[in-house]
Amino acid sequence: MTAFGKLIRTTAFRLTLVYLFLFALFAASLLGFFAWNTRHLITEQITATVNAETGEVSDIFARRGLRGLVLTIENRALRPGANLYLVTTPAGQAVAGNVGSLSPGVMATTGWSETAYRRLDDQDSTNHFALVKVTELSSGFRLLIGHDLEERRRLFGIVAHAAQWSVLIVVVLGLGGGIFVARRVLRRIDAMTGTTQRIMAGDLSGRLPVGRSGDELDRLARNLNAMLERIEALMMGLKEVSDNIAHDLKTPLTRLRNRAEEALAKSRTEAEYRSALERTIEESDGLIRTFNALLMIARAESGQARGNMDDFDAADVARGIHELYEPLAEDDGMTLRVKVEAAPLHGNRELISQALANLVENAIKYGKPDGTVQPLAPTAEADRKEILIEAKRVGERVLLSVTDHGPGIPVADRKHAVERFVRLEASRTLPGSGLGLSLASAVATLHGGDLRLDDAHPGLIATLAIPALSGASDRLAAQTQDVSQKAA
């Protein structure tokens with residue numbers, strides 16, 4: 001398709017043609033209305049003048065007779081720019097006046113009419129047109145008084161000429177403006193098309209150009225760019241998940257297979273076979289937990305869990321987690337304490353409970369005091385072994401936090417700590433999959449909040465900051481971003 005063909009097929013150009021037609025029609029109607037009113041006004045003025053003069057002449061005829069009428073007509077016919085005058089006998093013979101010829105039948109009927117005429121003193125044979133009134137006098141005489149219509153014709157011609165030029169100028173400017181606008185829009189659409197073609201070819205980093213006008217195309221481009229960023233993040237996340245699964249699950253699967261082979265090759269007694277099967281089941285349970293965590297993260301990131309949201313008190317969730325994990329903390333030599341206040345939420349209770357449970361598990365697992373620290377007084381040492389679960393409302397947000405006094409997470413590593421399967425150097429010797437903080441971050445983002453990792457001096461404060469129940473439904477409805485591709 002040629003460039004001109006693309007141009008005339010654009011919506012902008014077609015809309016310009018429609019508006020051009022409507023505007024030209026409006027301009028022509030306006031000028032036509034003005035011309036008609038001007039014509040009507042001039043006709044009314046001529047009518048009023050001729051009526052007044054007809055009355056005067058008829059009165060003269062009534063008072064002074066035919067001789068007075070003839071003298072009056074002759075005198076008035078000699079004035080510069082005089083009207084048309086003609087007096088005829090009952091037989092139609094001209095008695096006085098300045099009219100040389102008229103259209104046939106004009107004098108036969110009384111009243112108003114438009115007629116072609118020539119004056120007696122006209123040197124050319126060109127016919128002129130006039131608006132005349134024929135009046136029947138006593139004794140059968142007829143009187144014609146009229147006014148030339150050249151002024152009306154000339155004015156109407158001026159308006160018609162102006163209308164033609166106006167419509168022509170409107171059409172030219174309209175077409176020029178339409179081509180300019182269409183080309184400008186077409187350039188932007190072509191730029192967008194080029195970007196989308198690169199994206200379809202596999203380059204997900206491409207973004208639509210955004211101008212500074214802030215028009216509808218810019219708004220569309222910004223929304224599409226946000227969508228592309230989201231798609232790119234999801235694709236990167238999918239690739240990372242695939243790579244992580246292939247890398248991090250390969251080891252336990254290999255270990256599972258090796259143990260099964262070892263049991264087949266070396267085990268001789270029933271007890272040995274049972275021990276091998278128990279280790280295999282334990283390893284399989286760990287793999288199932290990993291896959292369950294990945295499925296829960298995917299569920300949160302896809303927004304599917306939004307259909308199961310309800311109103312509840314975050315304090316109840318904190319108390320339930322405290323009750324569930326207190327024995328586990330005591331077995332590890334830790335003290336689990338809870339501090340709550342009323343904190344209403346609107347969300348998925350199951351996911352928020354799981355996210356808080358993950359934070360508590362991490363605190364129990366990694367929040368033990370660092371052995372490199374000098375021994376402290378018994379009271380201080382007990383405080384450092386304490387893990388605090390808090391639920392409270394601060395402003396428009398509910399904060400669910402878990403505080404420990406272990407080695408914490410360095411500031412430089414906190415961004416990576418919430419990624420899937422990421423395990424920091426200090427935690428590699430402990431069991432785990434590296435998905436706990438990833439799930440917590442996904443759940444927080446699903447609810448329009450975030451996961452915060454801060455210093456407890458010493459230790460770590462992991463906080464789920466989620467919008468409170470008041471106005472939360474509106475905010476959640478407006479939440480357009482799903483979960484970011486970093487996780488907890």
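## A walk through the predicted model

At 18% relative accessibility, Thr-135 counts as buried, where buried means under 20% relative accessible area, exposed over 50%, and partly exposed in between (1.4 Å probe, protein chains only). This is a predicted model, in which local features need pLDDT of at least 70 and side-chain atom pairs count only at pLDDT 80 or more, while totals for chains, interfaces and linings use all residues. Residues are numbered from 1 along each chain as its sequence is written, and side-chain values use heavy atoms, with hydrogens and water left out.

Let us stay with Thr-135 for a moment. Its place is in strand S5 (residues 128-136); helices (H or I, at least four residues) and strands (E, at least two) are DSSP runs, numbered from the N terminus. Leaving aside neighbours within four places in sequence, Thr-135 is in contact (heavy atoms within 4.5 Å) with Thr-54, Phe-141, Arg-142 and Leu-143.

Now to a sheet. Strands of a sheet pair through backbone hydrogen bonds, either parallel or antiparallel. Here, two strands count as paired if DSSP finds at least two bridges between them. Five strands make an open sheet in the order S8-S10-S11-S13-S12, with mixed pairing. Its edges are strand S8 (335-340) and strand S12 (450-455), each of which pairs on one side only. On average, neighbouring strands of this sheet are turned by 15° against each other, direction ignored. For such angles, axes are lines fitted to C-alpha atoms, for helices over the stretch in contact, and values run from 0 to 180 degrees between N-to-C directions.

Glu-390 is a handy landmark here. S8 and S10 run parallel and are joined by 6 bridges, and Glu-390 in S10 is the bridge partner of Lys-339. Glu-390 also has a bridge partner in S11, namely Ser-401. Strand S10 (residues 386-394) and strand S11 (residues 397-403) pair in the antiparallel sense over 7 bridges. These two strands form a hairpin with 2 residues between them, and Gly-395 in the turn has a positive phi of about 65°.

Helix H7 (residues 314-331) lies across S8, S10 and S11, running at about 170° to S8. Helix H11 (residues 436-446) touches S12 and strand S13 (460-467), and its direction makes about 125° with that of S12.

Next, the charged pairs. The whole structure holds 13 salt bridges, each a side-chain nitrogen of Lys or Arg within 4 Å of a carboxyl oxygen of Asp or Glu. One of them joins Arg-76 and Glu-53 (3.2 Å, N to O). Arg-76 is buried because its relative accessibility is 12%, and Glu-53 is buried because its value is 8%. Together with Glu-56, these two residues are linked in a network of salt bridges.

Another salt bridge links Glu-150 and Arg-154 (3.9 Å, N to O). These residues are about one helical turn apart because they sit 4 residues from each other in helix H3 (residues 150-200). Glu-150 is partly exposed at 27%, and so is Arg-154 at 46%.

Arg-257 counts as exposed at 53% relative accessibility, whereas Glu-261 is partly exposed at 38%. Leu-253 is also in helix H5 (residues 250-266). The C-alpha atoms of Leu-253 and Glu-283 are separated by 8.3 Å, although the residues are 30 apart along the chain.
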